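This briefing is for a reader meeting the structure for the first time. Please look over the sequence and the model before reading on.

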Amino acid sequence: MKIEHEILVNKYGQGLVGTELLLNLFGSFDMDSQKVFLSEIQFLILQSKPKEEDIEPAIINSGLKSTYKPCVLLKKGFANHNLEKLVNLPENELTKAFLLLLSLFRIAYKRRFVVEKDNPDKWWYWDLSDETNINRIPQNR
């Protein structure tokens, strides 16, 4: 993931940017790039250590109907590579999958943020509202 996109996603996790900004970014990608971006979001979610009990709140917070295919898949849990299955949904389901993954990310991220805030080795848990911190983020990770 490009560093500027990763910063945006982590800012979203901290509540500093809204869903609309990320939706516009996602919508600017072609289908293959959308799938790559979903895979990268999936990695960030796993890095944030989601819990099974995060699934229902993620569905609710996403604003999606629980009967939509991405929600049905996620309700099956994290086992059996259900997050990966979201990435491989048909094109007409990708935006829904993106919204759901963003919602799940934010829930798991906020929990980790409380524990890891200002960890010198994990820039993604720094206060990203502070431009000084953004300027300190290593560009060559």
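Predicted model: local features only at pLDDT ≥ 70, side-chain atom pairs only at ≥ 80, totals over all residues.

Lysine 11 touches Leu16, Val17, Leu128 and Ile134, leaving aside residues up to four places away in sequence.

**Lysine 11**
- Lysine 11 is part of helix H1, which spans residues 3–13.
- Lysine 11 is buried but has no salt bridge.
- The nearest side chain of opposite charge belongs to glutamate 131, 5.2 Å away. A salt bridge requires a nitrogen and a carboxyl oxygen within 4 Å.

**Arginine 111 and aspartate 54**
- Four salt bridges are found in a search of the whole structure.
- One of them links the side chains of arginine 111 and aspartate 54, with an N to O distance of 2.5 Å.
- Arginine 111 sits in helix H7 (residues 94–116), while aspartate 54 sits in the loop between helix H3 (31–47) and helix H4 (55–62), so this pair ties together parts that are 57 residues apart in sequence.
- Aspartate 54 is buried, with 3% relative accessibility, whereas arginine 111 is partly exposed at 28%.

**Glutamate 93 and lysine 96**
- A salt bridge joins the side chains of glutamate 93 and lysine 96, at 3.7 Å from N to O.
- Glutamate 93 has a relative accessible area of 14% and is buried, whereas lysine 96 is partly exposed at 23%.
- The cut-off explains these two labels, because buried means under 20% relative accessible area.

**Lysine 122 and glutamate 116**
- Lysine 122 and glutamate 116 form a salt bridge in which the closest N and O atoms are 3.2 Å apart.
- Glutamate 116 is buried at 11% relative accessibility, and lysine 122 is partly exposed at 25%.

**Helix H2**
- Helix H2 covers residues 19–27, and its buried residues are Leu22, Leu25 and Phe26.
- Viewed down the axis of H2, these buried residues fall within an arc of 100°, so they line one face of the helix.
- In general, an α-helix has 3.6 residues a turn, so residues three or four places apart point the same way.
- Glu20 and Gly27 are exposed residues on the face of H2 turned away from its buried side.
- The buried residues of H2 are covered by elements including H1, H3 and H7.

How values were computed
Residues numbered from 1 in each chain as written. Heavy atoms only, no water. Helix = DSSP H or I, 4+ residues; strand = E, 2+ residues; numbered from the N terminus. Buried < 20%, exposed > 50% of the residue type's maximum accessible area, 1.4 Å probe, protein only. Lys, Arg positive; Asp, Glu negative; His and termini not counted. Contact = heavy atoms within 4.5 Å. Arc of directions from axis to C-beta.
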